[in-house]
Amino acid sequence: MLKAAKFCFSNIVEVSGLVIPREETAIRPERQGLKVAEILADAGDTVTAGQTLARLTLPEGGVAQVQAPVAGLIASSTAVIGGVASGRGEALFSIIARSEFDLVGMVPTQYISKLAVNQTARIKILGAGEVDGKVRRVASTVEPNSQLGQVFIGVTTTRKLLANSSARAMIKTGQSCGLAVPLTALLYSAGGTVVQVVRRARVETKRVEVGLMSGGQVEIREGLAEGDIVVARAGALLREGDPVRPVTVSAEGN
């Protein structure tokens with residue numbers, strides 16, 4: 001047995017989308033007709049600002065260095081020894097500035113109003129596990145046909161991420177505190193969800209309206225009062241009207 005007690009539940013908005021680079025910098029030589037003599041970095045490498053990525057030979061002799069203008073992660077490289085590095089067309093290197101990524105997802109209209117910059121998020125990225133994030137930008141308009149709006153969630157991690165990976169974020173938009181009982185206290189019947197309570201040393205069945213769930217606890221919106229003695233593991237042995245001598249434990253210790 002335990003007493004129905006107050007418990008705080010996080011209000012969560014779930015967002016699915018793709019992980020994309022926040023800012024990508026293309027690196028090309030300023031002059032035409034330079035040949036790649038040496039390659040010192042490749043796609044997937046993390047580099048610092050000013051780091052030499054390649055050396056190119058000049059037509060008149062001598063060597064030009066290609067340096068990273070920003071720190072970050074090399075997303076792609078077209079550098080091939082002996083190849084001509086062009087000032088136009090495909091970049092010699094592409095760097096994801098500061099290795100910063102955003103999860104870009106679409107959110108239904110009714111949830112956009114709940115989102116705000118700096119709300120925290122827990123993000124599951126395919127192939128990279130769980131990382132932390134923070135809402136960076138929320139759309140001010142929605143797409144008229146789908147009634148969905150964009151949200152940008154900054155991804156905080158030192159792990160190497162793959163651009164365009166699928167991801168899902170659980171954004172915490174606040175919390176609500178109310179009565180709660182363990183999930184094990186609920187019974188599901190044809191008439192709805194019920195819990196067993198002890199009144200005057202006998203078992204009574206009370207219909208309840210449930211809400212949020214978290215950590216094995218279920219929010220009870222209607223049907224119980226704070227301090228009601230609840231059968232923690234309902235339905236096993238007790239029936240309506242059975243006499244009982246309640247021994248209460250705390251919700252945490254159960």
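When I say helix or strand today, I mean a DSSP run: at least four residues of H or I for a helix, at least two of E for a strand, numbered from the N terminus. The model on the screen is predicted.

I'll begin with a residue that needs that definition. Asn118 is in the loop between helix H1, residues 109-112, and strand S12, residues 120-125. Its phi is near 80 degrees, which is a positive value in a residue other than glycine. Is Asn118 buried or exposed? The cut-off for exposed is over 50% relative accessible area. Asn118 counts as exposed because its relative accessibility is 52%.

Arg98 also has a positive phi, about 55 degrees, and is not a glycine either. Its loop runs between strand S10, residues 93-97, and strand S11, residues 101-108. Arg98 has 44% relative accessibility, so it counts as partly exposed.

Now the whole chain. The protein chain holds 1 helix and 21 strands. Its C-alpha trace spans about 100 × 40 × 30 Å along the principal axes. The radius of gyration is 29 Å, whereas a compact globule of 254 residues would have one near 18 Å. Of those 254 residues, 34% count as buried. The accessible surface of the chain comes to about 14,100 Å², with 51% of that belonging to carbon and sulfur atoms.

On contacts, take the pairs of residues at least 6 apart in sequence: 68% of these contacts join residues at least 24 apart. On charge, the chain carries 28 positive and 23 negative side chains, and the centres of the two sets are 5 Å apart.

Next, some of the strand pairing. Strands of a sheet pair through backbone hydrogen bonds, in either the parallel or the antiparallel sense. Which residues does strand S4 cover, and which strand does S4 pair with here? S4 is residues 34-39, and it pairs with S6, residues 52-57, in the antiparallel sense over 4 bridges. Within that pairing, Lys35 stands opposite Thr57 of S6.

S6 is also joined to strand S7, residues 63-67, by 5 bridges, again antiparallel. There, Leu56 faces Ala64 in S7. S6 and S7 make a hairpin with 5 residues between them, and Gly61 in the turn has a positive phi of about 95 degrees.

There is also an open sheet of 4 strands, in the order S3-S10-S8-S5, paired antiparallel. Its edge strands are S3, residues 24-27, and S5, residues 46-47, each of which pairs on one side only. S5 is joined to strand S8, residues 72-77, by 2 antiparallel bridges. The bridge partner of Val47 in S8 is Gly72.

What does Arg28 touch, leaving out residues up to four places away in sequence? The list is Ser86, Gly87, Arg88, Gly89, Glu90, Ala91 and Leu92. Arg28 and Gln67 are 39 residues apart in sequence, and their C-alpha atoms are 9.9 Å apart in space. With a relative accessible area of 36%, Arg28 is partly exposed.

Conventions:
Residues numbered from 1 in each chain as written. Predicted model: local features only at pLDDT ≥ 70, side-chain atom pairs only at ≥ 80, totals over all residues. Heavy atoms only, no water. Pairing = 2+ DSSP bridges. Rg over C-alpha atoms; globule rule 2.2 N^0.38 Å. Buried < 20%, exposed > 50% of the residue type's maximum accessible area, 1.4 Å probe, protein only. Contact = heavy atoms within 4.5 Å. Areas by Shrake-Rupley, 256 points an atom, 1.4 Å probe, with all protein chains shown as cover. Lys, Arg positive; Asp, Glu negative; His and termini not counted. Charge placed at Lys NZ, Arg CZ, Asp CG, Glu CD.
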